[in-house]
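Subject: Structure handover

Hello,

Here is the structure for you to look over.

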Amino acid sequence: SGRRIARPIVSLAEVARSVGTGATRPEFVDGGVEEVTAVAAALEDADAAVRERQSLIQREKDALQTADRAKDEFIAALSHELRNPLAVLTAASHVLRTATPADPAAGDARDVIERQTRHMSRMIEDLLDVSRIIMGKAHLVFERFDLAQLVTNTVDAWRASGRFADRVVVVDARAAWVLADRTRMEQVIANLFDNAVKFTPSGTRIIVHVGRDGDDASFSVHDDGPGLPPELMAH
């Protein structure tokens, strides 16, 4: 009788020591003692709960590390984007110092400074928007409007200001009414156009499509740029 109880007790102790360690749980030797068997079952449930909690903690840790890496990459990308207009502003200010006010080069430099300042202001505003979203303070104002008309107007404005440069822009826009924040949609459109111009070689095409896809509106911008590396697509 003593051996019948002793073996399950020793086995139970081994099971208890393995709880929460992550090691393979030893097999419980059931000696037929109801109370010991009940304790072994409780230990198995506890071990499963601890393993699940440890797995959840690890997933949360991995998610935080991923978010931290994404933040670092975003800041690095933003720093790179800000460096470009700063370099242009520096060059333009040098022209203003050396040229007379009536010199056409001075006029061009003033235009460059105005354009690049607007560009930097928009990037900084985008960064502030990210901060507002993270803090849950983003405010959306919904209204009904035709997305095709908004995109068409934006294309016309960009063409008139020369922002497409020598890219050929082909627009296929069909009525697509949406309930959305017009300002945010303008930002989305401008960001996609910015990327298309930035990465599309001179003389190539940018194709803009707006239409309906079932009950949804569809808006896409296709360009002849190199695109994102496959390993960055998930981000």
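First, the residue classes: Ala, Val, Leu, Ile, Met, Phe, Trp, Tyr, Cys and Pro count as nonpolar, Asp, Glu, Lys and Arg as charged, and the others, Gly among them, as polar.

This is a predicted model, in which local features need pLDDT of at least 70, side-chain atom pairs count only at pLDDT 80 or more, and totals for chains, interfaces and linings use all residues. Residues are numbered from 1 along each chain as its sequence is written, and side-chain values use heavy atoms, with hydrogens and water left out.

Overall fold. The protein chain has five helices and five strands. Both are DSSP runs, numbered from the N terminus: helices are H or I with at least four residues, strands E with at least two. From the N terminus, the order is α-α-α-β-α-β-β-α-β-β. Of the 235 residues, 23% are buried (under 20% relative accessible area, with a 1.4 Å probe and protein chains only).

A pocket is an open set of points on a 1 Å grid over the protein atoms alone, where a 1.4 Å probe fits, with protein on both sides within 12 Å along at least five of seven lines. Lining residues have an atom within 4 Å of a point. The volume is the space filled by probe spheres set on the points, which are joined across faces, edges and corners.

The largest pocket holds about 1400 Å³. Its lining has 35 residues, with A77, E81, N195, F199 and L228 nearest the centre. Two or more lining residues come from each of α2 (34-98), α3 (104-134), α5 (182-199) and β5 (216-223). α5 gives the most, 10 residues. By class, the lining has 19 nonpolar, seven polar and nine charged residues.

Second largest pocket. This one has a volume of about 720 Å³. It is lined by 21 residues, and R115, Q116, H119, R163 and D194 are the closest to its centre. α2, α3, α4 (147-161) and α5 each supply at least two. Here α3 gives the most, with seven. The classes are six nonpolar, six polar and nine charged.

D181. This residue sits in strand β3 (177-181). D181 is buried but has no salt bridge (a side-chain nitrogen of Lys or Arg within 4 Å of a carboxyl oxygen of Asp or Glu). The nearest side chain of opposite charge is R184, 4.7 Å away. What lies by the D181 side chain instead? A polar atom of that side chain is 3.0 Å from the backbone nitrogen of T183. The backbone nitrogen of R184 is 3.1 Å from a polar atom of the D181 side chain.

Best wishes

How values were computed. Buried means under 20% relative accessible area, exposed over 50%, partly exposed in between (1.4 Å probe, protein chains only). Lys and Arg count as positive and Asp and Glu as negative; His and the chain ends are not counted. A polar contact is a pair of N or O atoms within 3.5 Å; within protein, one must be able to donate a hydrogen and the other to accept it, and residues adjacent in sequence count only if both atoms are side-chain atoms.
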